[in-house]
Amino acid sequence: MLKQNLQLRLGQKLAPQQIQLMKLIQLHTLEFEEELERELEENPALEKVQEEAPEEDYSSLDDSFEDEGTESIDTDFDVNDYIFDDEPAYKTASSNYSADDEEFDSGSLLTEGQSLYDYLLEQIRLANIEGDELKIAEYIIGNLDNDGYLRREVKQLVDDLAFTQGVYTTKEKVDEILENYVQKLDPPGVGARNLQECLLLQIEKKVSADKAVILAANILRNQFDALTNKHYNKILQKYDIEEDDLKDALDVISRLSPKVGGNFDTQTITINQEIIPDFVIQIKEGKNGQVDVIPLLNSKNAPTLRVSDEYKEILTTYSHDKKSPEHKQAALFIKQKLDAAKWYIDAINQRQNTLLQTITAIVKLQKNYFITGDEKSLKPMILKDVADITGFDISTISRVVKSKYADTPNGIVYLKNLFSDSLTNDDGEEVSTREIKNHLQEVISKENKRKPLTDDALVGLLKEKGYNIARRTIAKYREQLNIPVARLRKEL
(Lines give C-alpha, C1' and ligand atoms only; values in the text may rest on other atoms or scores of the structure.)
Protein backbone atom coordinates (compact mmCIF):
# COMPACT_ATOMS: atom_id res chain seq x y z
CA MET A 1 0.00 0.00 0.00
CA LEU A 2 1.41 3.40 -1.01
CA LYS A 3 1.83 6.09 1.60
CA GLN A 4 2.55 9.77 1.21
CA ASN A 5 4.68 11.70 3.69
CA LEU A 6 5.49 15.40 3.84
CA GLN A 7 8.93 16.29 5.19
CA LEU A 8 10.56 19.68 5.64
CA ARG A 9 14.33 19.92 5.31
CA LEU A 10 16.58 22.90 5.81
CA GLY A 11 19.54 22.86 3.43
CA GLN A 12 22.12 25.19 2.07
CA LYS A 13 23.63 25.05 -1.38
CA LEU A 14 26.43 27.20 -2.74
CA ALA A 15 26.09 28.51 -6.25
CA PRO A 16 29.11 28.18 -8.57
CA GLN A 17 29.69 31.95 -8.25
CA GLN A 18 29.87 31.72 -4.45
CA ILE A 19 32.28 28.80 -4.63
CA GLN A 20 34.53 30.74 -6.98
CA LEU A 21 34.39 33.76 -4.68
CA MET A 22 35.59 31.62 -1.77
CA LYS A 23 38.46 30.37 -3.93
CA LEU A 24 39.41 33.93 -4.86
CA ILE A 25 39.52 34.93 -1.20
CA GLN A 26 41.80 32.01 -0.39
CA LEU A 27 44.39 32.82 -3.09
CA HIS A 28 47.56 34.63 -2.11
CA THR A 29 48.96 37.42 -4.28
CA LEU A 30 50.89 35.35 -6.81
CA GLU A 31 48.05 32.86 -7.29
CA PHE A 32 45.57 35.73 -7.58
CA GLU A 33 47.66 37.34 -10.32
CA GLU A 34 47.70 34.08 -12.25
CA GLU A 35 43.93 33.62 -11.78
CA LEU A 36 43.27 37.18 -12.93
CA GLU A 37 45.37 36.76 -16.08
CA ARG A 38 43.57 33.50 -16.83
CA GLU A 39 40.17 35.19 -16.53
CA LEU A 40 41.28 38.07 -18.76
CA GLU A 41 42.34 35.58 -21.43
CA GLU A 42 39.13 33.56 -21.23
CA ASN A 43 36.72 36.52 -21.15
CA PRO A 44 37.46 39.21 -23.78
CA ALA A 45 34.64 41.33 -22.32
CA LEU A 46 36.81 41.95 -19.26
CA GLU A 47 39.62 44.49 -19.47
CA LYS A 48 42.38 45.58 -17.15
CA VAL A 49 42.92 49.33 -17.01
CA GLN A 50 46.61 50.10 -17.21
CA GLU A 51 46.56 53.77 -16.27
CA GLU A 52 46.67 54.94 -12.68
CA ALA A 53 43.48 54.02 -10.91
CA PRO A 54 41.24 56.78 -9.49
CA GLU A 55 40.83 56.62 -5.75
CA GLU A 56 37.64 55.23 -4.38
CA ASP A 57 36.48 54.64 -0.84
CA TYR A 58 36.33 51.04 0.35
CA SER A 59 33.38 51.91 2.54
CA SER A 60 31.27 52.08 -0.60
CA LEU A 61 31.92 48.44 -1.38
CA ASP A 62 28.87 46.26 -1.02
CA ASP A 63 29.31 43.89 1.91
CA SER A 64 26.76 41.46 0.58
CA PHE A 65 27.26 39.22 -2.41
CA GLU A 66 24.10 38.39 -4.30
CA ASP A 67 23.77 34.90 -5.61
CA GLU A 68 22.52 35.10 -9.19
CA GLY A 69 22.21 31.33 -9.35
CA THR A 70 22.37 29.47 -12.60
CA GLU A 71 19.34 30.94 -14.38
CA SER A 72 18.87 30.32 -18.07
CA ILE A 73 19.64 33.22 -20.38
CA ASP A 74 16.65 35.25 -21.48
CA THR A 75 16.69 35.99 -25.20
CA ASP A 76 14.68 39.18 -24.72
CA PHE A 77 16.95 41.60 -22.87
CA ASP A 78 17.42 45.34 -22.84
CA VAL A 79 20.62 46.28 -24.63
CA ASN A 80 20.68 49.61 -22.78
CA ASP A 81 21.47 47.68 -19.59
CA TYR A 82 24.83 46.86 -21.11
CA ILE A 83 25.59 50.03 -23.03
CA PHE A 84 24.86 52.91 -20.70
CA ASP A 85 26.37 51.49 -17.54
CA ASP A 86 28.44 53.92 -15.52
CA GLU A 87 32.00 52.73 -16.00
CA PRO A 88 33.40 53.63 -12.56
CA ALA A 89 30.81 51.36 -10.94
CA TYR A 90 32.58 48.39 -12.49
CA LYS A 91 36.08 49.32 -11.45
CA THR A 92 37.81 47.76 -8.51
CA ALA A 93 40.13 50.66 -7.85
CA SER A 94 40.56 51.38 -4.18
CA SER A 95 42.05 53.99 -1.91
CA ASN A 96 44.05 51.58 0.23
CA TYR A 97 47.32 52.42 -1.54
CA SER A 98 48.82 55.49 -3.15
CA ALA A 99 50.54 55.97 -6.48
CA ASP A 100 53.97 56.10 -4.87
CA ASP A 101 53.57 52.83 -3.00
CA GLU A 102 56.25 50.27 -3.67
CA GLU A 103 55.42 47.82 -6.44
CA PHE A 104 56.28 44.28 -5.42
CA ASP A 105 57.85 42.22 -8.13
CA SER A 106 56.43 38.75 -8.38
CA GLY A 107 59.94 37.32 -8.15
CA SER A 108 58.81 34.11 -9.79
CA LEU A 109 61.78 32.09 -10.96
CA LEU A 110 61.40 28.94 -13.00
CA THR A 111 64.48 26.85 -12.50
CA GLU A 112 65.37 23.41 -13.75
CA GLY A 113 68.55 21.87 -12.40
CA GLN A 114 70.17 18.48 -12.75
CA SER A 115 68.63 15.88 -10.49
CA LEU A 116 70.64 13.52 -8.33
CA TYR A 117 69.31 10.65 -10.44
CA ASP A 118 70.63 12.15 -13.71
CA TYR A 119 73.96 13.08 -12.10
CA LEU A 120 74.55 9.53 -10.86
CA LEU A 121 73.48 7.96 -14.16
CA GLU A 122 76.04 10.07 -16.03
CA GLN A 123 78.79 8.79 -13.73
CA ILE A 124 77.82 5.12 -13.71
CA ARG A 125 77.64 5.02 -17.52
CA LEU A 126 81.23 6.27 -17.66
CA ALA A 127 82.39 3.63 -15.17
CA ASN A 128 83.99 0.33 -16.14
CA ILE A 129 80.73 -1.62 -15.91
CA GLU A 130 78.40 -3.03 -18.55
CA GLY A 131 75.73 -5.63 -19.29
CA ASP A 132 73.55 -6.88 -16.46
CA GLU A 133 75.83 -5.26 -13.90
CA LEU A 134 75.15 -1.86 -15.44
CA LYS A 135 71.40 -2.57 -15.39
CA ILE A 136 71.61 -3.50 -11.71
CA ALA A 137 73.59 -0.35 -10.89
CA GLU A 138 71.10 1.83 -12.78
CA TYR A 139 68.21 0.13 -11.00
CA ILE A 140 69.83 0.75 -7.62
CA ILE A 141 70.27 4.43 -8.52
CA GLY A 142 66.63 4.61 -9.54
CA ASN A 143 65.62 3.37 -6.09
CA LEU A 144 67.57 6.02 -4.15
CA ASP A 145 65.46 8.66 -2.43
CA ASN A 146 65.96 12.42 -2.75
CA ASP A 147 68.46 12.37 0.14
CA GLY A 148 70.62 9.78 -1.60
CA TYR A 149 69.70 6.83 0.65
CA LEU A 150 68.77 3.31 -0.40
CA ARG A 151 65.78 2.70 1.86
CA ARG A 152 64.62 -0.56 0.28
CA GLU A 153 65.81 -4.01 1.24
CA VAL A 154 68.31 -5.56 -1.19
CA LYS A 155 66.19 -8.71 -1.36
CA GLN A 156 63.28 -6.64 -2.73
CA LEU A 157 65.59 -5.22 -5.40
CA VAL A 158 66.59 -8.74 -6.42
CA ASP A 159 62.94 -9.73 -6.86
CA ASP A 160 62.08 -6.54 -8.78
CA LEU A 161 65.05 -6.96 -11.11
CA ALA A 162 63.82 -10.42 -12.03
CA PHE A 163 60.18 -9.42 -12.60
CA THR A 164 60.60 -5.99 -14.21
CA GLN A 165 64.04 -6.03 -15.83
CA GLY A 166 64.47 -9.68 -16.63
CA VAL A 167 67.78 -9.66 -14.75
CA TYR A 168 68.26 -12.69 -12.50
CA THR A 169 70.80 -12.04 -9.79
CA THR A 170 71.53 -12.65 -6.11
CA LYS A 171 71.55 -10.52 -2.97
CA GLU A 172 75.34 -10.88 -2.77
CA LYS A 173 75.77 -9.58 -6.33
CA VAL A 174 73.56 -6.53 -5.70
CA ASP A 175 75.49 -5.79 -2.48
CA GLU A 176 78.75 -6.04 -4.42
CA ILE A 177 77.61 -3.60 -7.12
CA LEU A 178 76.18 -1.26 -4.51
CA GLU A 179 79.39 -1.13 -2.48
CA ASN A 180 81.94 -1.26 -5.33
CA TYR A 181 80.24 1.03 -7.82
CA VAL A 182 77.24 3.04 -6.61
CA GLN A 183 78.73 4.01 -3.24
CA LYS A 184 81.93 5.10 -4.99
CA LEU A 185 80.08 7.77 -6.96
CA ASP A 186 79.96 11.44 -6.19
CA PRO A 187 78.71 12.93 -3.86
CA PRO A 188 80.37 10.87 -1.12
CA GLY A 189 77.78 9.09 1.01
CA VAL A 190 75.35 8.34 -1.79
CA GLY A 191 73.83 4.86 -1.77
CA ALA A 192 74.08 4.50 2.01
CA ARG A 193 71.48 2.34 3.75
CA ASN A 194 71.49 4.30 7.00
CA LEU A 195 72.95 7.42 8.58
CA GLN A 196 75.98 5.67 10.03
CA GLU A 197 76.98 4.24 6.66
CA CYS A 198 76.41 7.62 4.98
CA LEU A 199 78.76 9.42 7.39
CA LEU A 200 81.36 6.64 7.18
CA LEU A 201 81.37 6.76 3.37
CA GLN A 202 82.06 10.48 3.55
CA ILE A 203 84.82 10.35 6.16
CA GLU A 204 86.56 7.46 4.41
CA LYS A 205 86.95 9.72 1.37
CA LYS A 206 88.99 12.10 3.56
CA VAL A 207 92.45 10.69 2.98
CA SER A 208 94.15 12.28 5.95
CA ALA A 209 96.54 11.41 8.72
CA ASP A 210 94.93 14.02 10.91
CA LYS A 211 94.33 12.74 14.42
CA ALA A 212 90.82 14.24 14.61
CA VAL A 213 89.72 12.61 11.32
CA ILE A 214 91.02 9.19 12.42
CA LEU A 215 89.28 9.50 15.78
CA ALA A 216 86.05 10.66 14.12
CA ALA A 217 86.11 7.60 11.83
CA ASN A 218 86.64 5.27 14.80
CA ILE A 219 83.78 6.87 16.71
CA LEU A 220 81.42 6.55 13.75
CA ARG A 221 82.42 2.96 13.15
CA ASN A 222 82.51 1.63 16.71
CA GLN A 223 80.75 4.11 19.02
CA PHE A 224 77.88 5.37 16.89
CA ASP A 225 75.19 4.63 19.50
CA ALA A 226 77.15 6.45 22.20
CA LEU A 227 77.59 9.37 19.80
CA THR A 228 73.91 9.67 18.87
CA ASN A 229 72.92 9.45 22.55
CA LYS A 230 75.66 11.95 23.46
CA HIS A 231 77.26 9.64 26.00
CA TYR A 232 80.52 11.58 25.75
CA ASN A 233 81.97 10.23 29.00
CA LYS A 234 81.74 6.71 27.61
CA ILE A 235 83.66 7.76 24.48
CA LEU A 236 86.31 9.56 26.55
CA GLN A 237 86.88 6.45 28.66
CA LYS A 238 86.83 4.11 25.65
CA TYR A 239 89.62 5.93 23.79
CA ASP A 240 91.34 7.44 26.85
CA ILE A 241 91.40 10.90 25.30
CA GLU A 242 91.00 14.49 26.49
CA GLU A 243 87.85 16.58 25.94
CA ASP A 244 89.68 18.79 23.44
CA ASP A 245 90.47 15.75 21.29
CA LEU A 246 86.82 14.70 21.36
CA LYS A 247 85.72 18.24 20.47
CA ASP A 248 87.98 18.19 17.41
CA ALA A 249 86.55 14.84 16.31
CA LEU A 250 82.98 16.04 16.83
CA ASP A 251 83.78 19.13 14.76
CA VAL A 252 84.88 16.88 11.89
CA ILE A 253 81.67 14.83 12.17
CA SER A 254 79.47 17.94 12.30
CA ARG A 255 80.81 18.99 8.88
CA LEU A 256 79.57 15.78 7.26
CA SER A 257 76.23 15.89 5.45
CA PRO A 258 73.41 13.60 6.62
CA LYS A 259 71.55 14.23 3.34
CA VAL A 260 73.99 14.14 0.45
CA GLY A 261 71.21 14.52 -2.12
CA GLY A 262 69.93 17.74 -0.60
CA ASN A 263 71.90 19.98 -2.98
CA PHE A 264 70.23 18.48 -6.03
CA ASP A 265 66.81 19.14 -7.51
CA THR A 266 64.24 16.40 -7.37
CA GLN A 267 63.43 14.52 -10.54
CA THR A 268 60.75 17.05 -11.38
CA ILE A 269 61.00 20.70 -12.28
CA THR A 270 60.65 22.89 -9.23
CA ILE A 271 59.38 26.43 -9.11
CA ASN A 272 61.06 28.73 -6.61
CA GLN A 273 59.02 31.75 -5.69
CA GLU A 274 59.86 34.61 -3.41
CA ILE A 275 57.40 35.49 -0.70
CA ILE A 276 55.24 38.34 -1.92
CA PRO A 277 53.35 40.05 0.93
CA ASP A 278 49.60 40.27 0.49
CA PHE A 279 49.32 43.16 2.94
CA VAL A 280 51.44 46.16 3.86
CA ILE A 281 51.45 47.48 7.43
CA GLN A 282 52.52 51.11 7.85
CA ILE A 283 53.34 52.81 11.14
CA LYS A 284 52.69 56.55 11.31
CA GLU A 285 52.60 59.07 14.11
CA GLY A 286 49.12 60.41 14.61
CA LYS A 287 47.74 63.31 16.59
CA ASN A 288 48.68 63.83 20.25
CA GLY A 289 51.78 61.63 19.84
CA GLN A 290 49.75 58.50 19.21
CA VAL A 291 51.03 55.85 16.85
CA ASP A 292 48.70 54.73 14.09
CA VAL A 293 48.97 51.32 12.47
CA ILE A 294 47.60 51.46 8.93
CA PRO A 295 46.83 48.21 7.08
CA LEU A 296 46.93 48.30 3.28
CA LEU A 297 46.50 45.81 0.49
CA ASN A 298 49.39 45.03 -1.80
CA SER A 299 48.59 46.99 -4.96
CA LYS A 300 48.60 43.75 -6.96
CA ASN A 301 45.51 42.72 -5.00
CA ALA A 302 43.63 45.81 -6.20
CA PRO A 303 43.57 45.74 -10.02
CA THR A 304 41.44 48.20 -11.96
CA LEU A 305 39.00 46.29 -14.17
CA ARG A 306 36.20 47.36 -16.47
CA VAL A 307 33.73 45.96 -18.95
CA SER A 308 34.97 46.20 -22.53
CA ASP A 309 33.52 49.15 -24.48
CA GLU A 310 34.19 47.26 -27.68
CA TYR A 311 31.97 44.39 -26.59
CA LYS A 312 29.21 46.83 -25.70
CA GLU A 313 29.35 48.27 -29.21
CA ILE A 314 29.29 44.77 -30.73
CA LEU A 315 26.22 43.93 -28.64
CA THR A 316 24.51 47.08 -29.93
CA THR A 317 25.23 46.08 -33.53
CA TYR A 318 23.86 42.55 -33.17
CA SER A 319 20.83 43.60 -31.14
CA HIS A 320 19.44 45.70 -34.01
CA ASP A 321 18.82 42.55 -36.02
CA LYS A 322 16.58 40.37 -33.81
CA LYS A 323 15.30 38.28 -36.71
CA SER A 324 18.59 36.78 -37.80
CA PRO A 325 19.26 33.56 -35.83
CA GLU A 326 23.02 34.06 -36.20
CA HIS A 327 22.92 37.62 -34.84
CA LYS A 328 20.59 36.56 -32.05
CA GLN A 329 22.97 33.76 -31.04
CA ALA A 330 25.93 36.15 -31.17
CA ALA A 331 24.05 38.64 -28.99
CA LEU A 332 23.36 35.91 -26.43
CA PHE A 333 27.04 34.93 -26.37
CA ILE A 334 28.11 38.53 -25.85
CA LYS A 335 25.52 38.95 -23.11
CA GLN A 336 26.96 35.92 -21.31
CA LYS A 337 30.47 37.36 -21.47
CA LEU A 338 29.29 40.77 -20.25
CA ASP A 339 27.40 39.18 -17.35
CA ALA A 340 30.46 37.14 -16.44
CA ALA A 341 32.67 40.24 -16.59
CA LYS A 342 30.32 42.18 -14.32
CA TRP A 343 30.14 39.33 -11.84
CA TYR A 344 33.92 38.88 -11.80
CA ILE A 345 34.48 42.57 -11.10
CA ASP A 346 31.97 42.43 -8.26
CA ALA A 347 33.74 39.33 -6.91
CA ILE A 348 37.10 41.12 -6.99
CA ASN A 349 35.52 44.02 -5.10
CA GLN A 350 34.17 41.60 -2.52
CA ARG A 351 37.58 39.91 -2.21
CA GLN A 352 39.31 43.24 -1.61
CA ASN A 353 36.71 44.25 0.93
CA THR A 354 37.00 40.94 2.81
CA LEU A 355 40.81 41.01 2.87
CA LEU A 356 40.95 44.62 4.04
CA GLN A 357 38.38 44.16 6.80
CA THR A 358 40.17 41.05 8.03
CA ILE A 359 43.64 42.61 8.18
CA THR A 360 42.13 45.69 9.86
CA ALA A 361 40.66 43.49 12.59
CA ILE A 362 43.98 41.67 13.04
CA VAL A 363 45.83 44.98 13.34
CA LYS A 364 43.30 46.14 15.92
CA LEU A 365 43.90 43.05 18.04
CA GLN A 366 47.69 42.96 17.61
CA LYS A 367 48.51 46.68 17.43
CA ASN A 368 51.30 46.52 20.01
CA TYR A 369 53.00 43.71 18.15
CA PHE A 370 53.03 45.59 14.83
CA ILE A 371 54.47 48.66 16.58
CA THR A 372 57.19 46.89 18.57
CA GLY A 373 57.84 43.79 16.48
CA ASP A 374 58.37 41.89 19.74
CA GLU A 375 56.68 38.49 19.70
CA LYS A 376 56.29 38.73 23.46
CA SER A 377 53.71 41.46 22.88
CA LEU A 378 51.49 39.11 20.84
CA LYS A 379 48.07 38.80 22.41
CA PRO A 380 46.04 35.58 22.39
CA MET A 381 43.99 35.59 19.20
CA ILE A 382 41.90 32.92 17.53
CA LEU A 383 39.88 32.96 14.31
CA LYS A 384 36.67 33.61 16.23
CA ASP A 385 38.06 36.88 17.63
CA VAL A 386 38.58 38.23 14.10
CA ALA A 387 35.23 36.83 12.95
CA ASP A 388 33.43 38.64 15.79
CA ILE A 389 34.92 41.99 14.71
CA THR A 390 34.38 41.61 10.97
CA GLY A 391 31.07 39.76 11.05
CA PHE A 392 32.43 37.17 8.64
CA ASP A 393 32.20 33.44 9.18
CA ILE A 394 35.17 31.70 10.82
CA SER A 395 35.72 29.67 7.63
CA THR A 396 36.05 32.93 5.66
CA ILE A 397 38.67 34.25 8.09
CA SER A 398 40.54 30.96 7.79
CA ARG A 399 40.60 31.31 3.99
CA VAL A 400 41.86 34.88 4.22
CA VAL A 401 44.83 34.14 6.49
CA LYS A 402 45.79 30.91 4.72
CA SER A 403 49.16 31.25 2.93
CA LYS A 404 49.16 35.03 3.30
CA TYR A 405 51.90 37.34 4.52
CA ALA A 406 52.12 40.93 5.71
CA ASP A 407 55.03 43.30 5.12
CA THR A 408 55.62 45.10 8.41
CA PRO A 409 58.33 47.58 9.48
CA ASN A 410 59.87 44.67 11.40
CA GLY A 411 59.89 42.21 8.51
CA ILE A 412 57.52 39.93 6.64
CA VAL A 413 55.10 38.07 8.90
CA TYR A 414 53.09 34.93 8.19
CA LEU A 415 49.56 35.76 9.30
CA LYS A 416 48.89 32.34 10.78
CA ASN A 417 51.77 32.89 13.20
CA LEU A 418 49.81 35.74 14.77
CA PHE A 419 47.12 33.34 16.00
CA SER A 420 47.56 31.44 19.23
CA ASP A 421 45.60 30.09 22.17
CA SER A 422 45.82 31.62 25.62
CA LEU A 423 46.84 30.57 29.11
CA THR A 424 46.31 32.41 32.37
CA ASN A 425 49.40 33.44 34.33
CA ASP A 426 49.71 33.85 38.08
CA ASP A 427 48.43 37.43 37.85
CA GLY A 428 45.19 36.26 36.24
CA GLU A 429 46.13 37.74 32.85
CA GLU A 430 45.67 35.84 29.63
CA VAL A 431 48.93 35.36 27.76
CA SER A 432 49.58 33.94 24.34
CA THR A 433 51.02 30.44 24.07
CA ARG A 434 53.38 31.96 21.52
CA GLU A 435 54.76 34.19 24.27
CA ILE A 436 55.32 31.16 26.50
CA LYS A 437 57.12 29.33 23.70
CA ASN A 438 59.40 32.33 23.21
CA HIS A 439 60.26 32.33 26.91
CA LEU A 440 60.88 28.59 26.74
CA GLN A 441 63.18 28.97 23.76
CA GLU A 442 65.03 31.81 25.45
CA VAL A 443 65.59 29.79 28.64
CA ILE A 444 66.91 26.80 26.69
CA SER A 445 69.21 28.99 24.59
CA LYS A 446 70.86 30.31 27.78
CA GLU A 447 71.20 26.96 29.56
CA ASN A 448 74.51 25.32 30.38
CA LYS A 449 75.01 22.96 27.45
CA ARG A 450 77.18 20.68 29.56
CA LYS A 451 74.19 20.17 31.87
CA PRO A 452 71.03 20.90 29.86
CA LEU A 453 67.79 21.59 31.70
CA THR A 454 65.32 18.75 32.01
CA ASP A 455 61.61 19.32 31.41
CA ASP A 456 61.03 19.33 35.19
CA ALA A 457 63.66 22.03 35.59
CA LEU A 458 62.05 24.06 32.81
CA VAL A 459 58.70 23.82 34.60
CA GLY A 460 60.29 25.41 37.68
CA LEU A 461 61.99 28.21 35.74
CA LEU A 462 58.83 29.15 33.84
CA LYS A 463 56.86 29.03 37.08
CA GLU A 464 59.26 31.66 38.45
CA LYS A 465 58.30 33.84 35.46
CA GLY A 466 54.63 33.45 36.34
CA TYR A 467 53.69 30.65 33.96
CA ASN A 468 52.22 27.69 35.82
CA ILE A 469 52.57 24.96 33.18
CA ALA A 470 52.57 21.20 33.50
CA ARG A 471 55.59 19.16 32.43
CA ARG A 472 53.68 17.47 29.60
CA THR A 473 52.84 20.93 28.24
CA ILE A 474 56.50 21.88 28.32
CA ALA A 475 57.31 18.69 26.41
CA LYS A 476 54.63 19.50 23.83
CA TYR A 477 55.88 23.06 23.29
CA ARG A 478 59.47 21.85 23.11
CA GLU A 479 58.56 19.35 20.39
CA GLN A 480 56.68 22.04 18.47
CA LEU A 481 59.83 24.17 18.58
CA ASN A 482 61.91 21.20 17.34
CA ILE A 483 64.01 21.24 20.51
CA PRO A 484 65.29 17.79 21.57
CA VAL A 485 65.26 16.42 25.10
CA ALA A 486 67.96 17.48 27.56
CA ARG A 487 70.11 14.40 26.91
CA LEU A 488 70.41 15.21 23.21
CA ARG A 489 71.17 18.88 23.86
CA LYS A 490 74.28 18.05 25.80
CA GLU A 491 77.55 19.46 24.48
CA LEU A 492 81.16 19.41 25.60
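Biologist: Which residues touch the most other members in the largest nonpolar core?
Modeller: In this predicted model, they are Phe279, Leu305, Tyr344, Ile362, Phe370 and Leu418, out of 45 residues in that core.

Biologist: And which helix gives the most to this core?
Modeller: Helix H14, residues 325–365, with 14 residues.

Biologist: What does a second, separate core include?
Modeller: That core has 29 residues, and Leu120, Tyr149, Val174 and Val190 are among them. As background, nonpolar side chains tend to be buried together in soluble globular proteins.

Biologist: How far is Gln336 from Asn43 in sequence and in space?
Modeller: The two are 293 residues apart in sequence, while their C-alpha atoms are 9.8 Å apart.

Biologist: New topic: helices H19 and H20. At what angle do their axes cross?
Modeller: At roughly 100 degrees, and the axes come within 9 Å. H19 covers residues 455–464 and H20 covers residues 471–480. The angle falls in the 65 to 115 degree range, so H19 is roughly perpendicular to H20.

Biologist: Which residues make the contact?
Modeller: From H19, Asp455, Asp456, Leu458, Val459 and Leu462; from H20, Arg471, Ile474, Ala475 and Arg478.

Biologist: Which residues of H20 are buried?
Modeller: Thr473, Ile474, Ala475, Tyr477 and Arg478.

Biologist: What about the backbone just after H20?
Modeller: Asn482 has a positive phi there, about 60 degrees.

Biologist: Which H18 residues are buried?
Modeller: Thr433, Glu435, Ile436, Lys437, Asn438, His439, Leu440, Val443 and Ile444.

Biologist: Last one, Thr396. Where is its place, and is it buried or exposed?
Modeller: Thr396 sits in helix H17, residues 394–401. Thr396 counts as buried because its relative accessibility is 12%, under the 20% cut-off.

Biologist: What is Thr396 in contact with, leaving aside neighbours within four places in sequence?
Modeller: With Met22, Ile25 and Thr354.

Conventions: Residues are numbered from 1 along each chain as its sequence is written. This is a predicted model: local features need pLDDT of at least 70, side-chain atom pairs count only at pLDDT 80 or more; totals for chains, interfaces and linings use all residues. Side-chain values use heavy atoms; hydrogens and water are left out. Axes are lines fitted to C-alpha atoms, for helices over the stretch in contact, and angles run from 0 to 180 degrees between N-to-C directions. Helices (H or I, at least four residues) and strands (E, at least two) are DSSP runs, numbered from the N terminus. Angles under 35 degrees count as roughly parallel, over 145 as roughly antiparallel, 65 to 115 as roughly perpendicular and the rest as oblique. Contact means heavy atoms within 4.5 Å. Buried means under 20% relative accessible area, exposed over 50%, partly exposed in between (1.4 Å probe, protein chains only). A nonpolar core is a set of buried Ala, Val, Leu, Ile, Met, Phe, Trp, Tyr and Cys residues joined through side-chain atoms within 4.5 Å.
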